[in-house]
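Hi there,

Here is the structure I promised to pass on to you.

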Amino acid sequence: MKFTTSWLKEHLDTDASVAEIAETLTRIGLEVEAIEDRAAALAAFTIAYVIEAKQHPNADRLRVCMVDTGAGEPVQVVCGAPNARTGMKGVFSPPGSYIPGKKITLGKGVIRGVESNGMLVSEAELELSEDHDGIIELPADAPVGQPYATYAGLDDAVIEIAVTPNRADALGVAGIARDLAAAGLGKLKNAPIQPISGSFPCPVKVTFDLAGDDKKLCPAFALRLVRGVKNGPSPDWLQARLRAVGLRPINALVDITNFMTLDRNRPLHVFDAAKVQGNLTVRRAKEGETILALDGKTYALTDEQVVIADEHGVESLAGIMGGEASGSSETTTDVLIESALWDPLNIARSGRALGINSDARYRFERGVDPDFARPGLDLATAMVIELCGGEASEMEFVGDLPESPAAIDFPWSEVERLTGLDLPQAEMKQALTSLGFDVSGEGERVTVAPPSWRADVGGKADLVEEIVRIAGLDRVASTPLPRIKGEVVKPVLTVLQKRTRTAKRTLAARGLVEAVTWSFISHDQAKLFGGGSPKLALANPIAADLSDMRPSLLPGLIRAAQGNADRGFPDVALFEVGQIFLSDEPEGQLVAATGLRRGTARLEGTGRHWDGGANNVDIFDAKADVLGLLSALGVPTGGLQVVAGGPAWAHPGRSATLQFGPKGVIGAFGEVHPKILKALDAKGPLVAFEIHLDALPLPKAKPTKVKAKLVLSDFQPVTRDFAFIVDKAVAAGDMMKTAQGTDRALIANVGVFDLYEGAGVEAGKKSVALAVTLQPVEKTLTEAEIEAVGAKIVAEMAKRYGATLRG
Amino acid sequence: MTDIAALERDTLAAIAAAADEAAVEDVRIAALGKSGSVSALLKTLGGMTPDERKEKGPQINGLRDRVQTAIAARKEALGEAALEARLASERLDVSLPVQDGPEARGRIHPISQVIDEITAIFGDMGFAIAEGPDVETDDLNFTKLNFPVGHPAREMHDTFFFAPDENGERKLLRTHTSPVQVRTMLAQQPPIRVICPGRTYRNDSDQTHTPMFHQVEGLVIDKSANLGHLKWILEEFCKSFFEIDDVKMRFRPSFFPFTEPSMEVDIQCSRKGGEIRFGEGDDWLEILGCGMVHPNVLRNCGLDPDVYQGFAWGMGIDRIAMLKYGMPDLRPFFEADVRWLSHYGFRPLDLPTLTGGLSS
């Protein structure tokens with residue numbers, strides 16, 4: 001919403017400066033977005049007198065003028081305007097000034113051999129109008145040397161405010177003035193509006209073709225004919241006012257409706273009565289009807305839209321935009337002025353459906369003052385008669401004005417209860433009454449009736465807001481919020497929240513970089529990872545490849561890794577801990593922790609290195625990541641099973657499922673399947689893991705924080721190595737478990753310290769070397785005792801796996 | 001009778017001339033061995049008269065001691081020299097680079113870091129962290145929050161919708177984390193103090209808008225929480241979060257469907273050379289929206305607005321991250337470019353705490 005200070009002062013008696021006005025507007029909730037101070041922009045341009053204008057010696061079209069600028073000696077200026085002549089007054093622009101219409105800074109120059117020290121400017125050059133036919137001509141009494149902007153009334157700041165959806169009343173200058181007056185910035189003028197009686201009945205009748213519930217689409221409709229008008233350009237003051245706020249003057253009748261919209265938040269429509277056939281009907285549009293609107297576009301209508309029709313058909317889109325066919329023009333002599341009320345919801349829907357953003361729609365969908373429908377028509381009528389002459393008919397009025405907002409039972413104490421601000425009752429009452437509220441009753445509880453233009457005020461809290469915004473929010477004192485109990489704060493994070501944080505820190509500490517990728521991915525990608533259900537597909541995605549909620553973090557991360565590779569960084573390790581969507585129910589949203597390593601981005605380092613390295617990542621990097629993560633999360637991994645074979649995204653022979661029993665799957669790791677890479681337009685080597693943090697077993701609740709007792713042996717551990725030859729298919733993990741199981745009391749640890757296939761080992765076989773650590777508890781083991789355990793392990797391996805000791 | 005002085009001179013010269021430990025050992029055997037020259041002298045002591053012994057004894061014993069000392073010294077010197085020679089040969093090029101370890105390469109995304117910072121501050125004030133689903137119902141995202149159906153404020157949210165189900169109800173991606181406030185009020189009796197950080201979505205994209213972003217909202221409900229408390233919390237938060245001693249904030253009346261009175265909050269700043277600094281200057285920067293929870297919202301959540309009262313606020317996590325750490329553009333937050341993440345991300349163990357400081 002834009003207006004000028006002079007416009008504001010039509011409604012507000014105030015000496016306040018632009019800065020004070022702006023500061024107050026923001027303080028009371030009408031946030032100032034911009035102040036355009038044209039006086040400052042036009043400060044260089046002054047009124048000047050052309051002492052003499054004579055023909056340029058070298059150019060037919062140019063004149064050489066001696067100009068009195070009021071600042072000493074006359075200045076010589078070369079001027080090309082046809083109207084430059086001796087004795088005229090105009091506007092002078094000195095060298096060094098910026099000409100907004102030409103976007104140049106003026107310099108001294110020599111034009112066709114004659115020196116020119118400035119310029120006489122046109123309105124177009126000052127961006128005051130599009131008139132560039134000649135230089136500005138001013139009356140003989142214009143004071144030479146004075147700033148032109150002051151003289152022409154252009155020293156008038158244009159203020160633009162943001163109006164929140166609840167403050168429809170502030171979409172008119174008069175309403176803004178009321179708020180400022182309430183805030184103590186001046187006195188509201190509030191000139192009374194004289195009703196116009198009319199000398200003849202309105203010849204055009206209005207009927208509602210709206211039944212039942214549809215009656216609310218147009219609660220009331222007022223219409224009046226003014227006959228014998230002479231339409232034409234509106235007066236300068238009106239044109240200037242509209243232009244200042246960015247509107248293009250059209251003709252007096254249209255300019256009056258625009259003025260009423262901006263001045264009073266009262267959108268009107270004018271029909272050329274000669275072009276209206278018969279009476280007017282307000283009804284829903286019929287499917288297939290069209291209208292050529294005033295913006296020059298043709299709109300196809302449906303029965304969702306309300307229209308005003310005559311015997312020809314649709315003449316106007318109710319509350320949104322008039323029709324071209326019955327619009328006013330310079331030749332209009334009889335004009336019908338409409339002032340109606342429309343249903344905000346319907347206007348909003350229709351405007352959206354048709355894609356029309358008009359000033360009328362903007363106001364009707366926020367709600368205009370219903371009680372002003374009649375006075376608004378009278379005021380507009382008076383303006384038409386004043387500017388265009390003519391004779392007014394009586395007002396045709398159909399429908400009923402809606403009831404005013406309900407009165408509110410209001411205890412003054414509510415203000416302090418909600419804000420902590422203790423204000424005198426008199427001040428609170430003054431704030432409300434100056435905003436137009438009616439306060440009745442005395443004492444601690446009063447009845448407050450909101451004015452007709454404040455349909456947004458429906459309860460006590462709304463009144464509190466009105467009072468504190470006028471009193472000033474800066475008066476609300478900052479007050480410490482006491483702790484609920486005066487004690488050291490208790491932990492606030494849930495297990496899942498803690499695990500989420502720990503997972504991020506752990507993976508980062510393992511050298512992975514945290515990415516945050518889109519929650520939505522393409523439909524094809526979602527399907528590849530087990531998603532793509534219609535319930536998780538957006539109806540209005542922002543882009544075709546951001547359409548489906550992700551069932552896994554992997555597709556996003558794989559694409560991100562490839563993006564980095566495409567930028568020249570092929571060795572990246574990325575992770576994300578975030579939401580995945582298995583259904584559209586809250587329970588279907590899980591937290592996944594997912595990581596991947598690409599190229600040579602291994603834990604120890606990335607890329608080629610003089611000390612070896614440059615090895616590609618393999619699944620054991622991913623396995624180490626995920627097991628390290630589980631360990632950091634404090635998940636007991638004793639019962640964890642690593643089952644060969646993973647989900648569909650993984651290489652079937654190079655992946656595993658992590659589970660606590662078949663029903664306790666928590667995730668997987670592996671090499672990304674070549675088909676998946678191809679589908680995602682990505683390249684490996686790429687290994688990854690994904691676990692669902694929600695699926696992890698919860699820590700056991702314990703009565704105290706005491707850790708299990710530490711038992712240390714007094715005897716040194718002994719390690720014995722065994723190299724077994726087994727079939728390639730035998731899992732080393734199984735062998736380790738078997739070895740461990742031969743003597744649970746004595747065997748503290750089993751490791752695989754060597755793995756070998758090739759020369760010296762039969763084809764189809766492999767050598768697996770186990771290091772078995774024995775931890776004596778009661779006494780040092782004798783060599784015979786150690787041998788006995790070893791023999792048992794060898795026998796067990798032979799029995800289970802056909803293993804033989806490597807020679 | 002050997003000339004003791006001559007023997008000493010020759011022996012010490014031999015020790016000094018010994019080039020390595022083996023040569024020293026040869027000299028030792030020649031002098032102090034069983035049939036060594038000094039040993040031979042020592043043996044003569046037994047056959048001497050007491051007077052001769054009295055005279056010669058100290059001379060011969062002295063000779064032996066000096067030879068022993070000289071041998072030990074020579075051995076040590078040679079050992080030193082040998083060690084020095086070994087060390088010299090073992091020299092390594094310490095300028096060779098080591099690989100950047102995982103702790104040097106890993107990074108935490110600024111959004112995670114800022115959520116941890118916010119959690120540290122509000123955790124200290126006794127706020128719990130409430131979370132809710134991204135896929136929400138229209139009821140929880142709008143209706144319960146006092147957005148009338150068809151209201152312009154609803155349209156301003158640029159909502160992502162899912163297809164309608166068999167009953168014509170369509171779910172949506174939450175446009176703010178406010179539905180978590182509703183869920184909290186429906187699930188829990190006051191007093192309530194929660195913050196709700198999370199991912200939010202709007203169908204909008206430009207330099208400062210992405211279709212997905214992050215918000216944190218706060219909610220306090222009890223029987224006395226008022227605007228003064230809200231002001232204090234927000235001032236304390238801003239000081240703590242931006243790590244400045246003082247902050248000037250401006251509360252402007254505004255409008256949100258779910259609060260009444262509603263306010264927008266500006267923070268005073270300077271913008272010298274494109275860098276925003278808080279606690280100085282005379283510019284204002286809008287940073288958050290807040291207000292007293294609307295009575296309709298309380299009622300919708302089963303709370304009597306004449307008994308319970310409270311306030312809520314909300315701000316963009318990505319936005320305050322940009323303000324604090326100076327990222328100029330929002331879009332790279334979600335592009336996973338490791339150059340950006342390495343630069344703007346945080347080291348794995350930069351854990352924000354109030355005791356140690358939020359940032360290092």
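Below is what I found, going chain by chain and ending with the place where the two chains touch.

One thing to keep in mind from the start: this is a predicted model.

Let's begin with chain A. The mean pLDDT of chain A is 92, and 100% of its residues reach 70 or more.

As for what chain A is built from, you'll find 20 helices and 42 strands. Its radius of gyration is 42 Å, while the globule rule gives 28 Å for 807 residues, so chain A is more spread out than a compact globule. Of the 807 residues in chain A, 43% are buried. Looking at contacts in chain A with a separation of 6 or more, 69% are between residues 24 or more positions apart.

Now for chain B, which has 13 helices and ten strands. How is chain B divided? There are two pieces: domain 1 covers 4-88 and domain 2 covers 109-344. The centres of these two domains of chain B, taken over C-alpha atoms, are separated by 91 Å. Keep that in mind for the next number: the radius of gyration of chain B is 42 Å, whereas a compact globule of 360 residues would have one near 21 Å. The box filled by the C-alpha atoms of chain B is roughly 130 × 50 × 40 Å along the principal axes.

Inside chain B, buried residues are 43% of the 360. Residues 24 or more positions apart make up 64% of the chain B contacts that have a separation of 6 or more.

Finally, the contact between the chains. How many residues does each chain bring to it? Chain B puts in 68 residues and chain A 77. On the side of chain B that touches chain A, helix 10 (residues 227-242) of chain B gives the most, with seven residues. Sorted by class, that side of chain B has 36 nonpolar, 17 polar and 15 charged residues.

Cheers

How values were computed: Residues numbered from 1 in each chain as written. Chains lettered and ligands numbered in written order. Predicted model: local features only at pLDDT ≥ 70, side-chain atom pairs only at ≥ 80, totals over all residues. Contact = placed C-beta atoms within 7 Å. Helix = DSSP H or I, 4+ residues; strand = E, 2+ residues; numbered from the N terminus. Nonpolar A, V, L, I, M, F, W, Y, C, P; charged D, E, K, R; others polar. Rg over C-alpha atoms; globule rule 2.2 N^0.38 Å. Buried ≥ 20, exposed ≤ 12 C-beta atoms within 10 Å, placed from the backbone. pLDDT = per-residue confidence, 0-100. Domains from an automatic or database assignment.
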